[in-house]
Amino acid sequence: MEKLFLLIVTMTAAVSYPSAKCFVLISAYTIESPQFRVVHLESDFEVRLYEEMSWMSALVYGTSFENSTRDGFHRLYQYIHGDNLNATQFLMTAPVLTSVTPSAHGSAYIVRYYLPPTFDQTSPPQPSAELNLQLDKWESHCIAVRMFPGYARDDNVDKEKDALLSSLGKHLPGLKQAAENNYNYSIAQYNASKHPTGRINEVWMDVSGFAAEGCPV
């Protein structure tokens, strides 16, 4: 994904998670990112309440997380660089999110570009039909998040998801059940692929219904 992710430029070696955020800190400037509030914190994961947010999404069917993310982001890259009915160009946002729904015959991967809050209440420019993209509007909900370093690859994303489920089982068994009931998981990537150090990735699992302050039931 060397060429496709060049716009997600060098990130600082560590990202702090305050109780709310709307920007990811980059070496010389910031990239807009979804807003959230931490409602539960453990040593190896946290539960965040995200506000409403909008994504432009590319659906890919395949057997490889890496290949499917590359293919989906290629379509999104064209969209944000003007391949839409208004010829509008967008600034890069973070993270690039790949949601995974496993099946016995390959998985469905939804690769997502976060749309700035301007488009929470209004529709973004319509993508060109050949890109086969879809607008996703998410309601406010809670997500369990585990951070991991390095690259998100075919051989480690499932392991990181299982590690998050294991941590949930130790600390919040009810939350683990909520995550398993929602079945799928997402991988959030914050760095350009050409930067091998200081990388930040996250596993996201929807835990709607978690009985914590502010989490919608």
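Helices (H or I, at least four residues) and strands (E, at least two) are DSSP runs, numbered from the N terminus. The structure is a predicted model, in which local features need pLDDT of at least 70 and side-chain atom pairs count only at pLDDT 80 or more, while totals for chains, interfaces and linings use all residues. Residues are numbered from 1 along each chain as its sequence is written, and side-chain values use heavy atoms, with hydrogens and water left out.

**Exercise 1. Work out how strand E3 is paired and which way its residues point.**

Step 1. Strand E3 covers residues 46-50 and is mostly covered, since 5 of its 5 residues are buried.

Step 2. Glu46, Arg48 and Tyr50 point one way from E3, whereas Val47 and Leu49 point the other way. In a regular strand the side chains alternate between the two faces of the sheet.

Step 3. Two strands pair if DSSP finds at least two bridges between them. Strand E2 (residues 30-41) is joined to E3 by 5 bridges, and the two run antiparallel, forming a hairpin with 4 residues between them.

Step 4. E3 is also joined to strand E8 (residues 141-148) by 5 bridges, again in the antiparallel sense.

Step 5. Val47 of E3 is the bridge partner of His40, and Val47 also stands opposite Ala144 in E8.

**Exercise 2. Describe the largest pocket, and then the setting of Trp138, one of its lining residues.**

Step 1. On a 1 Å grid over the protein atoms alone, a pocket is an open set of points where a 1.4 Å probe fits, with protein on both sides within 12 Å along at least five of seven lines, and lining residues have an atom within 4 Å of a point.

Step 2. About 310 Å³ of space lies in the largest pocket, where grid points are joined across faces, edges and corners, and the volume is the space filled by probe spheres set on the points.

Step 3. The lining of the largest pocket has 20 residues, and those closest to its centre are Trp138, His141, Ile143, Asn184 and Asp206.

Step 4. The elements that give two or more residues to this lining are strand E5 (96-101), strand E6 (107-115), E8, E9 and E10.

Step 5. Trp138 is found in strand E7 (residues 133-138) and is buried, with a relative accessible area of 18%.

Step 6. Leaving aside neighbours within four places in sequence, Trp138 is in contact with Glu52, Met53, Trp55, Leu97, Arg112, Ile143 and Trp204. The C-alpha atoms of Trp138 and Trp55, which are 83 residues apart along the chain, are separated by 8.0 Å.

**Exercise 3. Decide whether Arg199 is buried or exposed, and locate it.**

Step 1. Arg199 is found in the loop between strand E9 (185-189) and strand E10 (201-206).

Step 2. The relative accessible area of Arg199 is 4%, so this residue is buried.

Step 3. Not counting residues up to four places away in sequence, Arg199 touches Phe148, Pro149, Gly150, Tyr151, Asn191, Ala192 and Ser193.

Key:
Buried < 20%, exposed > 50% of the residue type's maximum accessible area, 1.4 Å probe, protein only. Contact = heavy atoms within 4.5 Å.
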